[in-house]
Amino acid sequence: MSIFGCNCRNRCALLAIVASIIIGIVAAFLQITGTITVTPVFLIVAFGIAVAALGVLVIATALVRRYAGACLCTALQTLLTGILGTIALSVVLLAVGIVATSVISAILVGLTAGFFALTITGSACFVRCLADCEE
C-alpha cells in the first residue's frame, strides 16, 4: 500500500470544500451588491500568501514523505487546488481590474475568495493529516 494512497475517507477536506464554496458565494453576492470592494492590495496579499503556502507545502511534503499517513493524498489535492486557484485568479483580477457592478467581476471575486478560503482550510487539513488526527 502506497503512502500517498487515496483510499481514506477525509471529512476534513469535504468540510473545507463546502466552507470555501459558501464563502465564495457570499463574497460574490456582496461584491455584486456593492457591499464590499476588492482592492488590488487584497489580491496581492492573497497571491503572496498562496505563493508562500506553495513553497511551504513543497518543503513540508519533501520532509515528511516517509512518515505521513494515507490521508496525505486528499489533503494535498485540496490544498494544491486552493493554492493554484488563488494564484491564477488573483493574477487575472489584477490584470483585468474589478468593476463593482459587473457580474463577471463578481463571479471572479467569488471564485478568488473561495479558492483563498480553500487554501486556508486546506492548510488546516494538511496539518491535521500530518499530526495523524484523521480517523
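## Overall organisation

Among contacts in the chain (heavy atoms within 4.5 Å) between residues at least 6 apart in sequence, 84% join residues at least 24 apart. The secondary structure comprises four helices and zero strands, arranged along the sequence as α-α-α-α. Helices (H or I, at least four residues) and strands (E, at least two) are DSSP runs numbered from the N terminus. Of the 135 residues, 39% count as buried; buried denotes under 20% relative accessible area, exposed over 50%, and partly exposed the range in between, with a 1.4 Å probe and protein chains only.

This is a predicted model, in which local features need pLDDT of at least 70 and side-chain atom pairs count only at pLDDT 80 or more, while totals for chains, interfaces and linings use all residues. Residues are numbered from 1 along each chain as its sequence is written, and side-chain values use heavy atoms, with hydrogens and water left out.

The expected span of a helix is taken as 1.5 Å times one less than its number of residues. For the 25 residues of α3 this gives 36 Å, which agrees with end C-alpha atoms 36 Å apart. α3 is followed by G97, whose phi is positive, near 95 degrees.

The 28 residues of α4 should span 40 Å, and its end C-alpha atoms are 40 Å apart, in agreement. At the start of α4, a side-chain oxygen of S102 comes within 3.4 Å of the backbone nitrogen of I104. A polar contact is a pair of N or O atoms within 3.5 Å; within protein, one must be able to donate a hydrogen and the other to accept it, and residues adjacent in sequence count only if both atoms are side-chain atoms.

## Nonpolar cores

A nonpolar core is a set of buried Ala, Val, Leu, Ile, Met, Phe, Trp, Tyr and Cys residues joined through side-chain atoms within 4.5 Å. The largest has twelve residues, among them A50, L57, L76, I83, I87, F126 and C129. Helices α2 (40-64), α3 and α4 (103-130) each supply at least two residues of this core, and the largest share, six residues, comes from α3. A second, separate core of six residues includes V38, L43, L93 and L108.

S90 is found in helix α3 (residues 72-96) and counts as buried, at 0% relative accessibility. A polar atom of the S90 side chain lies 3.2 Å from the backbone oxygen of I87. Leaving aside neighbours within four places in sequence, S90 is in contact with L43, F47 and T112.

## Aromatic pair

Rings of Phe, Tyr and Trp (its six-membered ring) pair if their centres lie within 6.5 Å; planes under 30 degrees apart count as stacked, over 60 as edge-to-face and the rest as tilted. The structure holds one aromatic pair. The ring centres of F42 and F116 are 6.1 Å apart and their planes stand at 80 degrees, so the pair is edge-to-face. F42 in helix α2 and F116 in helix α4 are 74 residues apart, and the pair thus links distant parts of the chain. F42 is partly exposed, with a relative accessible area of 35%, whereas F116 counts as buried at 17%.

## Disulfide

One disulfide, defined as a pair of cysteine sulfur atoms within 2.5 Å, is found in the whole structure. The sulfur atoms of C12 and C125 are 2.0 Å apart. C12 lies in helix α1 (residues 11-32) and C125 in helix α4, so the pair ties together parts that are 113 residues apart in sequence. The torsion about the S-S bond is about -95 degrees, so the disulfide is left-handed. C12 is buried at 12% relative accessibility, and C125 is buried at 2%.
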